[in-house]
Amino acid sequence: AKAAALLRDHEAKLAAVQDEVKNILAEARRDADYTKQDIVATAQREAEATRKRAVDDIEQAKATAIGELFDFVSANVVQATEQVLQRSLSGEDHERLVTQALSELNVRRN
């Protein structure tokens with residue numbers, strides 16, 4: 001009887017330990033899932049921020065390039081026109097010729 005009681009007690013303790021192990025494993029799985037979701041969300045936020053910075057950098061570079069192109073075309077139109085006409089241009093002539101040349105090239109200064 002004493003051995004049977006010890007066996008039942010031992011089996012009860014073993015069952016309690018098994019339940020505790022199951023609980024620990026379930027908690028570990030929940031923690032791992034939460035950590036995974038947090039890592040994925042953080043990576044997505046960082047990827048979006050990187051993409052936005054890249055788009056902003058591209059837009060800035062585009063605006064700079066268009067401005068430089070406008071200045072280059074403007075200076076060359078004026079220089080070529082002055083050479084052809086063999087006289088200096090007024091500000092109004094300059095603006096008209098640059099606008100006309102750029103409209104023919106389909107380029108607008110932003």
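Colleague: What radius of gyration does the chain have, and what would a compact globule of 110 residues have?

Modeller: This is a predicted model, in which local features need pLDDT of at least 70, side-chain atom pairs count only at pLDDT 80 or more, and totals for chains, interfaces and linings use all residues. Residues are numbered from 1 along each chain as its sequence is written, and side-chain values use heavy atoms, with hydrogens and water left out. The radius of gyration is taken over C-alpha atoms, and the globule rule is 2.2 Å times the number of residues to the power 0.38. That rule puts a compact globule of 110 residues near 13 Å, but the chain has 38 Å.

Colleague: What does the C-alpha trace span along its principal axes, and how many helices and strands are there?

Modeller: The C-alpha trace spans about 125 × 15 × 15 Å along the principal axes of the chain. Helices (H or I, at least four residues) and strands (E, at least two) are DSSP runs, numbered from the N terminus. By that assignment, the chain has two helices and zero strands.

Colleague: What percentage of the 110 residues is buried?

Modeller: Buried means under 20% relative accessible area, exposed over 50%, and partly exposed in between (1.4 Å probe, protein chains only). The accessible surface, from the Shrake-Rupley method with a 1.4 Å probe and, for residues, only the protein chains shown as cover, comes to about 9,300 Å² for the chain, with 56% belonging to carbon and sulfur atoms. Of the 110 residues, the buried share is 12%.

Colleague: Which residues form a nonpolar patch on the surface?

Modeller: Patches are made of residues with over 30% relative accessible area and no salt bridge, like charges being joined within 9 Å and nonpolar side chains (Val, Leu, Ile, Met, Phe, Trp, Tyr) within 5 Å. Val 17 lies in helix H1 (residues 2–85) and is partly exposed, with a relative accessible area of 47%. The patch has about 240 Å² of accessible area together, and its members are Val 17, Val 21 and Leu 25.

Colleague: How far apart are the closest N and O atoms of Asp 9 and Lys 13?

Modeller: Asp 9 and Lys 13 are four residues apart in helix H1, so about one helical turn separates them. Asp 9 is partly exposed at a relative accessible area of 38%, whereas Lys 13 counts as exposed at 52%. A salt bridge is a side-chain nitrogen of Lys or Arg within 4 Å of a carboxyl oxygen of Asp or Glu. Asp 9 and Lys 13 form such a bridge, the closest N and O atoms being apart by 3.5 Å.

Colleague: Which residue forms a salt bridge with Arg 51?

Modeller: Arg 51 counts as partly exposed at 45% relative accessibility. With the closest N and O atoms 2.7 Å apart, the partner of Arg 51 is Glu 48.

Colleague: What is the N to O distance in the salt bridge of Asp 56 and Lys 52?

Modeller: Asp 56 and Lys 52 both lie in helix H1, four residues apart, about one turn of the helix. Asp 56 is partly exposed at 40%, and Lys 52 is partly exposed at 46%. Their side chains meet in a salt bridge with an N to O distance of 3.0 Å.
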